[in-house]
Amino acid sequence: MLAKPRLHHEIVQQAYDPCIISTESGKAQFISCEPQKPDEKLPKLEDCVIIDNRRPVTGTRGFDREIPLSGALRVYLVSSYSVGSQDSLSLGKYALCPLLSITEWKPVTGSIPPLSDEDWESEFAKYRASPEFQLLNPHMNLSEFKSIYYMEWIHRLWGRFVGLSFVIPAVYFVAKKKVSKPMAWRLAGIAGLIGFQGFIGWWMVKSGLKDDLFAPGSHPRVSQYRLTAHLAAAFTCYVAMLWNGLAILRSHRLLADPEAGINLLNSLQNPKLKIFRRSVAVLGLLVFTTAMSGALVAGLDAGLIYNEFPTMGNGLTPPKSELFDERYSRKPDKSDLWWRNMLENPSLVQLDHRILAMTTFTSVMALWAYTRGSPTMRRLLPPAAKKGVHGVVAFTFVQVALGISTLLYLVPTHLASTHQAGSLFLLTWVLVLGSRVWHPSRTAKLLQMAVKARNQSVSASALNATSKL
């Protein structure tokens, strides 16, 4: 990004026109600002878009800083999600969940693991008081406890690292006014989501540490509702980072050639593309919902039954009496029968996940057929959007293959974790596709200002050349 120009000559400002500023070196730079009334003050330079004669554009304020920030945090978040999925899925010699190995939430002091034998004995004593140890693992020794403790500790430590890696640079950029006001609010919202995610994580773990928080007769586990909420918060945080990062990158590319950018955005305003954009939005919501149903499957160990595909037992679905079992109802009038079975009955939860997964697959293939079979879509869709559709199709096939393999092989940890990560990658590609067909109104306005400022530059140069003749 070019340095802030030092004013040397005059500033030419007309009502509702961009500002034109010439620098001390004599090389004209055009500062495209928000429209100003004649009696208003000039906007600050950092609120403008700088366009150089030799280079089409250097970008809007903060773009060069926001790009690495958002990109790095998305990588951190994906890795944190992968570690967390391994943590929640891991089963070893004992019937245990590493999530329950750390029985306290210490956001600051918990960053340091036990360092002495006394510290380890203290942590192990707390775990021995938990329902998981007493009911399932009474013969576990300290060495075996350390292995599951470190899995959960790494997950929590990585979560803290993700949060600090975002919050500290974000506070710096906002304090130094190196990002726009809308982006500053978005960064604040994402920072809040990261903090909320940590709280939801402990709320989830707490559900597996008390006898009264899980059904009588069942083995200790975290609540599938809280596990799903924890995953939903992580996905929401990731989507917010990704969408804003994609918007920054796209605006950066469009402003590199304002005239071509305006032509592209004008083509995206065609009413015939509205159906395609809405379809992509619905597809994104469908992928998100399918991933959340997968969290219910993981929380209930529903993948350990009906390890076959496409059938479930003797047919495509289990018997109705099994899907809507009255034992899951807790009210005398059975008014909660249907929704409790949908959320707590492993058989119905797995069936729901299968239905959502196949609906997602069918929707993706229908969208691909629409883009290939419709002459209007072939003509209107930008090449980048067509590539985005192919990416969504490819990841959908990979995700379906991973899901079926995970089921047939009785949910091995490496396959199950890869399948969970695959849902995030599929959602990523849907968002990438959406960003390529959305019409960013703010960027369109900046492009119009940039072209107008450039045209004024050409007119002024021509007028100067004519006056010298």
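1. Which residues have the most contacts inside the largest nonpolar core? This is a predicted model, in which local features need pLDDT of at least 70 and side-chain atom pairs count only at pLDDT 80 or more, while totals for chains, interfaces and linings use all residues. Residues are numbered from 1 along each chain as its sequence is written, and side-chain values use heavy atoms, with hydrogens and water left out. The answer is Phe235, Phe276, Leu283, Leu381, Val392 and Leu433, in a core of 40 residues. A nonpolar core here is a set of buried Ala, Val, Leu, Ile, Met, Phe, Trp, Tyr and Cys residues joined through side-chain atoms within 4.5 Å; buried means under 20% relative accessible area, exposed over 50%, and partly exposed in between, with a 1.4 Å probe and protein chains only.

2. The elements that give two or more residues to this core include α6 (224-256), α8 (274-299), α13 (383-408) and α14 (413-437). Apart from this core lies another of 13 residues, with Val179, Ala184, Ile190 and Cys237 among them. Leucine 381, leaving aside residues up to four places away in sequence, touches Leu273, Phe276, Thr371, Lys386 and Val437, where contact means heavy atoms within 4.5 Å.

3. For the chain as a whole, there are 15 helices and four strands, taken as DSSP runs numbered from the N terminus (helices H or I, at least four residues; strands E, at least two). Of the 469 residues, 45% are buried, and among contacts between residues at least 6 apart in sequence, 71% join residues at least 24 apart.

4. The UniProt record, an unreviewed entry, places the feature "transmembrane region" at seven spans, including residues 157-175 and 353-371; such annotations may be inferred rather than shown by experiment, and the positions follow the numbering used here, with feature names shortened. In the model, residues 157-175 are 100% helix and 0% strand, with end C-alpha atoms 27 Å apart. Residues 353-371 are likewise 100% helix and 0% strand, and their end C-alpha atoms lie 27 Å apart.

5. Helix α13 has 26 residues and reaches 38 Å from its first C-alpha to its last, close to the 38 Å expected at 1.5 Å a residue, the expected span being 1.5 Å times one less than the number of residues. Its buried residues, among them Gly388, Val392, Thr396 and Gln399, pack against α8, α11 and α14. Just after α13, leucine 410 takes a positive phi of about 65 degrees.

6. Some backbone details deserve a check. Most residues other than glycine have a negative phi, and most peptide bonds are trans. Phenylalanine 309 and proline 310 are joined by a cis peptide bond, with omega about 10 degrees, and proline 310 lies in the loop between α8 and α9 (320-323). Aspartate 301, found in the loop between α8 and α9, has a positive phi of about 55 degrees.

7. The structure holds eight salt bridges, each a side-chain nitrogen of Lys or Arg within 4 Å of a carboxyl oxygen of Asp or Glu. Glu104, Lys106, Glu123 and Lys126 are linked in a network of them. Within it, lysine 126 meets glutamate 104 at 2.8 Å, N to O; because lysine 126 lies in helix α2 (residues 117-128) and glutamate 104 in the loop between α1 (63-89) and α2, the pair ties together parts 22 residues apart in sequence.
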